[in-house]
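Here's a quick tour of one protein model, written for someone new to reading structures. Have a look at it first, then work through the points below.

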Amino acid sequence: MPKILQGSSSEVEYAAQALLRGNLVVIPTETVYGLAADAMNKSAVKRIYRVKGRPNNHPVIVHISDLDLLNFWASEIPKYARILATNFWPGPMTLILRSSINVGSWVTGNQSTVGIRIPRHIATVSLLEKFTQFGGKGLAAPSANKFGRVSPTLALDVFHDLGMDLSNKDLIIDGGPCEIGIESTIIDCTTEKPRILRPGAITLDHLNQLKINVETIQVSNKNKKSEIMTPGNLRSHYSPKAKIKIGDKAKMGEGFLALKKIRTPTGAIRLGSPINSIEFARSLYQTFRKADNLGIEVIHVVIPEDSIFSEALKDRIQKASTNNLYLKNPII
Ligand code: TXA
Ligand code: MG
């Protein structure tokens, strides 16, 4: 079982050293919790895959402390990527860039690209700073959940999902509830114009405000070979045990999640009443987990429209609803 820390400066220093020794540390970020390892350490990163039960060919995001490290990890960085980085880092945005010769295949899943992000949760910012001071280059960290399941937004979720698979040398930094609650926006920066591969809190509007010309794509749901490998694009993802249905047709005894202003169908079990889409995103995965704990089998979700989080919410809820890894023959 891993040790839980609160993120004081001495604990952060201890965690940075643990990472450099090859142990795993669960890190709070403003999006979701991540399961981190020294990105330069092949066997430590391989352990992440084992703990998550994640297929080997799925790349992991490298979290860095400073823009200066971008040149260590990436090459041929387009100008627009630097503009994005300067404007939105630290923050909920991951850039996919051509990888440099320094990047191990254990990070990229053998692709020629690398995903990079500077997160902004205070404890993880300090951890990354310490880790860099001690000579580290970056932390490989996918979301700290079992493959295909709901991402964790509390340290307790991680303890519940992965506690048994982590050792007593591994650590969990408890940074409280995640501020945003859904994963970062992923932007492909390997083409002439950037493409949003996974919607998140940094939206098309944000990019347009910077006068960055975005190429809109319909990211394939079928995960075609030609597409960039993004597991968030597998048809089944973010799945609770409950079946997710989109809409307001909840029947007696079924779960119901919608904005506060929408009334509960007769007999349905109200799982949450967020007042706006920001709160909706922040509480979404907790609501999925709550439903599973209550043994609720079907959750009806009314997705909020016309807000900055609508795209991201639509993406996560549709993927959670399309399929379910708990089914006998999931299509992934
Ligand atoms: O908010 C987040 O992004 C969180 C926190 C912990 O930073 N991380 C996260 O990681 O969601 P993960 O591994 O659960 O999802 C990252 C996605 C995956 O779908 C992965 O395939 C994609 O990013 N990705 C990472 N590196 C990539 C690369 N080189 N090319 C294409 N996709 C990549
Ligand atoms: Mg994930």
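Is His121 buried or exposed? His121 is buried, with a relative accessible area of 15%; buried means under 20%, exposed over 50%, and partly exposed in between, using a 1.4 Å probe on protein chains only. Keep in mind that this is a predicted model, where local features need pLDDT of at least 70, side-chain atom pairs count only at pLDDT 80 or more, and totals for chains, interfaces and linings use all residues. Residues are numbered from 1 along each chain as its sequence is written, chains are lettered from A and ligands numbered from 1 in the order written, and side-chain values use heavy atoms, leaving out hydrogens and water.

- You'll find His121 in the loop between strand S7 (113-117) and helix H6 (122-133); helices (H or I, at least four residues) and strands (E, at least two) are DSSP runs, numbered from the N terminus.
- Leaving aside neighbours within four places in sequence, His121 is in contact (heavy atoms within 4.5 Å) with Pro28, Thr29, Glu30 and Gly175.
- Thr29 sits in the loop between strand S2 (25-27) and strand S3 (34-38), and is buried at 2% relative accessible area.
- The Thr29 side chain makes polar contacts with the side chains of Thr31 (2.8 Å) and Arg117 (3.0 Å).
- A polar contact is a pair of N or O atoms within 3.5 Å; within protein, one must be able to donate a hydrogen and the other to accept it, and residues adjacent in sequence count only if both atoms are side-chain atoms.

**Cysteines**
- Cys178 is buried at 2% relative accessibility, and Cys189 is buried with a relative accessible area of 2%.
- The structure holds zero disulfides, a disulfide being a pair of cysteine sulfur atoms within 2.5 Å.

**Helix H2**
- The buried residues of helix H2 (residues 42-52) are Ala44, Val45, Arg47, Ile48, Tyr49, Val51 and Lys52.
- Those buried residues of H2 pack against S3, helix H5 (105-108), strand S8 (139-140) and H7.
- At the start of H2, a side-chain oxygen of Asn41 comes to within 3.2 Å of the backbone nitrogen of Ser43.
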